[in-house]
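Colleague: I am new to this structure and would like a close look at a single part of it. Please take the aromatic side chains and what surrounds them.

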Amino acid sequence: MSATTQTLSEAPSLPNEDEPVTLTKDKIFHILQTQRRRHALRYLKKHDTPVEMRDLAEQVAAWENDTTVQALASDERQRVYIALYQSHLPKLDEEGVIEYNKSRGIVERGQLADKFDPYLEPTEDTDADTDVSETDIDIESEDDRWFSYYRWATALSAGTFAAAWLNAPLISAASTNALGAFVVGLYAMISAMQFILR
């Protein structure tokens with residue numbers, strides 16, 4: 001046998017699809033940092049069978065808006081539906097947490113969904129038999145994070161106008177319209193990011 005010939009047993013082994021896939025806690029927390037993903041996983045935890053994506057989106061929107069599915073406004077439904085359809089469900093599917101048939105609009109729990117159950121705190125509509133400690137998942141709430149961004153934007157805006165008023169170099173050379181446009185643009189950018197990522 002030549003040096004270049006390799007027997008089957010010597011060939012590099014391919015990964016076995018039957019081997020369990022593991023996730024680190026960092027990866028789990030990264031996936032769970034978005035409230036909509038947590039809500040989606042809570043909803044799927046309650047359903048053993050595949051669900052329609054529309055039903056899932058409506059329930060997530062109801063939880064977000066602290067109302068019932070029947071009382072939802074159409075824009076509340078649409079905003080959540082679009083974000084789940086375009087971003088969150090494909091991400092969960094890619095990670096193996098759910099199985100998402102985008103063309104049929106069907107969603108079900110994937111092989112890794114059980115790994116997330118201990119970190120999903122119950123809502124009023126879910127069974128409260130899982131005791132979740134605050135130390136189990138140290139994720140800053142989404143609302144607090146966005147509030148922090150707005151706080152920094154306010155401080156930056158106030159600092160900019162104070163520097164202009166004190167005739168600081170460069171900033172005092174800018175017109176009032178330019179400073180106003182900067183402030184409006186800053187808040188518009190943060191608001192757009194919040195709308196897209198929620």
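Modeller: Tyr 150 has a relative accessible area of 22%, so Tyr 150 is partly exposed; the cut-off for buried is under 20%. This is a predicted model, and the values below are computed from it. Tyr 187 is also partly exposed, because its relative accessible area is 25%. The two rings belong together: the centres of Tyr 150 and Tyr 187 are 6.3 Å apart and the planes meet at 15°, so this pair is stacked. Planes under 30 degrees apart count as stacked.

A search of the whole structure gives 2 aromatic pairs. The other one is made by Tyr 81 and Tyr 85, whose ring centres lie 6.1 Å apart with planes at 10°, so it is stacked as well. Here both partners come from one helix: Tyr 81 and Tyr 85 are 4 residues apart in helix α4 (residues 74-94), so about one helical turn separates them. Tyr 81 counts as partly exposed because its relative accessibility is 34%. Tyr 85, at 31%, is likewise partly exposed. Tyr 85 has a further neighbour, as Lys 102 lies over the face of its ring, 4.6 Å from the ring centre.

With a relative accessibility of 52%, Phe 195 counts as exposed, because the cut-off for exposed is over 50%. Phe 195 is part of a nonpolar surface patch, together with Met 189, Met 193, Ile 196 and Leu 197. The accessible area of these residues together is about 510 Å².

The loops beside these helices deserve a short note. The phi of Asn 167 is near 60°, a positive value in a residue other than glycine. Asn 167 counts as exposed because its relative accessibility is 60%. Asp 66 is found in the loop between α3 (53-64) and α4, and its phi is near 50°, again positive in a residue other than glycine. At 72% relative accessibility, Asp 66 is counted as exposed.

Note on methods. Residues are numbered from 1 along each chain as its sequence is written. This is a predicted model: local features need pLDDT of at least 70, side-chain atom pairs count only at pLDDT 80 or more; totals for chains, interfaces and linings use all residues. Side-chain values use heavy atoms; hydrogens and water are left out. Rings of Phe, Tyr and Trp (its six-membered ring) pair if their centres lie within 6.5 Å; planes under 30 degrees apart count as stacked, over 60 as edge-to-face and the rest as tilted. Helices (H or I, at least four residues) and strands (E, at least two) are DSSP runs, numbered from the N terminus. Buried means under 20% relative accessible area, exposed over 50%, partly exposed in between (1.4 Å probe, protein chains only). A charge sits over a ring if NZ of Lys or CZ of Arg is within 6 Å of the ring centre and within 35 degrees of the ring normal. Patches are made of residues with over 30% relative accessible area and no salt bridge: like charges are joined within 9 Å, nonpolar side chains (Val, Leu, Ile, Met, Phe, Trp, Tyr) within 5 Å. Accessible areas come from the Shrake-Rupley method with a 1.4 Å probe; for residues, only the protein chains shown count as cover. A salt bridge is a side-chain nitrogen of Lys or Arg within 4 Å of a carboxyl oxygen of Asp or Glu.
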